[in-house]
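User: I am new to this structure. Please show me how to read its main features, one at a time.

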Amino acid sequence: MTVAEKTKPAPSPSPAPAAPKKETILSGMQPTGALHIGNLEGALRNWVALQDQYWMYCCIVDWHALTAEWEDPSRLKENIFQMAVDWLAAGIDPEKCAVFVQSEVKEHAELHLIFSMLITVPTLTRLPTYAEKKDQLDSYGFLGYPVLQAADICLYNAHKVPVGKDQEKHIWLAADLAKRFNATYKKVFVEPEALFTKIPLILGADNRKMSKSYGNHIPIDATDKQTEKILKGYYTDPAKLRKGDPGNPEKCPVYLLHQIYTPHAKTEIAPPCKTGELGCVDCKLKLTANLNGALAPIRERRVELVKKPDVVWDVLATGAQRARQRAQNVMAKVHTAMKMDYRN
Ligand code: TRP
């Protein structure tokens, strides 16, 4: 390699899309531990599909996690690492997306503070997400959670935010804050919109929504054997006690998973379950094979990434750099709009 080649600036990390990308997406997740297949099928696969059409910012929102983990933030570092590994293993491409940690871009905190002036306390206390938890969590930080989320989104002037229905009010609030800022000072912000995509229903082993907090989940990083064990313990139609009993796949969380992981579930699983020909034990074994097969490439990439923590932390450092550039750009406009650009 010649000196000129060695000193040539590294290729720009900014995405070079095939078709021009027009709009920006900001997506965020709290680093609360390794992800499960509900997160994978419900969110990550969607993000991976979106990264070719949009400018993507994928943010690990550690300050949001701090609202609950404030007493012991020592786990955040490992959780952030595992989350980045899950994202990359699932196919998030750091060439196409800025993958970064929220607290590494301090502008999130600055915009949060400015937005906090534009919203009343009763508007925040009325939000169901606050009302439901305020008995356990009544800190000032938790009250401001949706304001910080609005800052995450508006800081990049994101047009779209891929979220589940439970986040609808938060995105509405972000759009409202953007509108309020624009009306009070000068137009700086895009009013973001939620991007609800059709996501498959995924239930856990106990037939409730799959969630780490219920302990009914299938972790992405489970081994084939662990996955088999979890599936063996899965709830099935209680009327189907043994092979031969007719089952009702529509009421069975195992069948919901077959619909995702078994290519011809409708013709190959549902009919023999209904007639009783297919027993639950065999049905679960088939699912185990298909689910493990589908996750194998992700799990293999995971194993490789975990061996190279420096590579993962480097992705996060580069992502934060790119995010910071965009954020500082938007904040300069905020300062000008508010006549708080004192040196200019
Ligand atoms: N509140 C979101 C959740 O619990 C996490 C989040 C924080 C987020 N900031 C965001 C989601 C910005 C989308 C965009 O799922």
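User: What should I know about the model and its numbering?

Analyst: This is a predicted model, where local features need pLDDT of at least 70, side-chain atom pairs count only at pLDDT 80 or more, and totals for chains, interfaces and linings use all residues. Residues are numbered from 1 along each chain as its sequence is written, and side-chain values use heavy atoms, with hydrogens and water left out.

User: Which residues of H15 are buried?

Analyst: Buried means under 20% relative accessible area, exposed means over 50%, and partly exposed lies in between (1.4 Å probe, protein chains only). In H15 the buried residues include Cys283, Lys284, Leu287, Thr288 and Leu291. Further along, Ile298, Arg299, Arg302 and Leu305 are also among them.

User: Which helices do the buried residues of H15 pack against?

Analyst: Look for contacts, meaning heavy atoms within 4.5 Å. The partners are helix H2 (37-50), helix H4 (76-90), helix H11 (224-232), helix H12 (253-261) and helix H16 (309-337).

User: How many helices and strands does the protein chain have?

Analyst: The chain has 16 helices and five strands. Its C-alpha atoms fill a box of roughly 80 × 65 × 40 Å along the principal axes. Of its 344 residues, 48% are buried. Take the contacts with a separation of 6 or more: 78% of them join residues 24 or more positions apart.

User: And the surface?

Analyst: Accessible areas come from the Shrake-Rupley method with a 1.4 Å probe; for residues, only the protein chains shown count as cover. The accessible surface of the chain comes to about 18,100 Å², and 56% of that belongs to carbon and sulfur atoms.

User: How many salt bridges are there?

Analyst: A salt bridge is a side-chain nitrogen of Lys or Arg within 4 Å of a carboxyl oxygen of Asp or Glu. By this rule the count is twelve. One of them joins the side chains of Lys160 and Glu23, at 3.0 Å from N to O. That pair links distant parts of the chain, 137 residues apart: Lys160 is in strand E4 (residues 160-162), and Glu23 is in the loop between helix H1 (3-7) and strand E1 (24-29). Lys160 counts as buried at 14% relative accessibility, while Glu23 is partly exposed at 27%.

User: Where do Arg45 and Glu41 lie?

Analyst: Both lie in helix H2, four residues apart, about one turn of the helix. Arg45 is partly exposed at 35% relative accessibility. Glu41 is buried at 11%.

User: Please give me one more salt-bridge case.

Analyst: Asp52 and Lys96 meet at 2.8 Å, N to O. The two are 44 residues apart: Asp52 is in the loop between H2 and strand E2 (55-60), and Lys96 is in the loop between H4 and strand E3 (97-101). There is also a network of salt bridges that links Lys225, Glu228 and Lys232.

User: Which residues surround the ligand?

Analyst: A residue is near a molecule or strand if one of its heavy atoms lies within 4 Å of it. The surrounding residues include Leu26, Gly28, Gln30, Val61 and His64. H9 (145-154) and E1 each supply at least two residues of the shell. H9 gives the most, with four.

User: Which polar side chains reach a nitrogen atom of the ligand?

Analyst: A polar contact is a pair of N or O atoms within 3.5 Å; within protein, one must be able to donate a hydrogen and the other to accept it, and residues adjacent in sequence count only if both atoms are side-chain atoms. Tyr145 has a polar side-chain atom 2.7 Å from a ligand nitrogen. For Gln149 the distance is 3.0 Å, and for Asp152 it is 2.7 Å. The protein covers 85% of the 360 Å² of accessible area that the ligand has on its own.

User: What is the phi of Asn157?

Analyst: Most residues other than glycine have a negative phi. Asn157 has a positive phi of about 50 degrees, although it is not a glycine. Asn157 lies in the loop between H9 and E4, and it is buried, with 12% relative accessible area.
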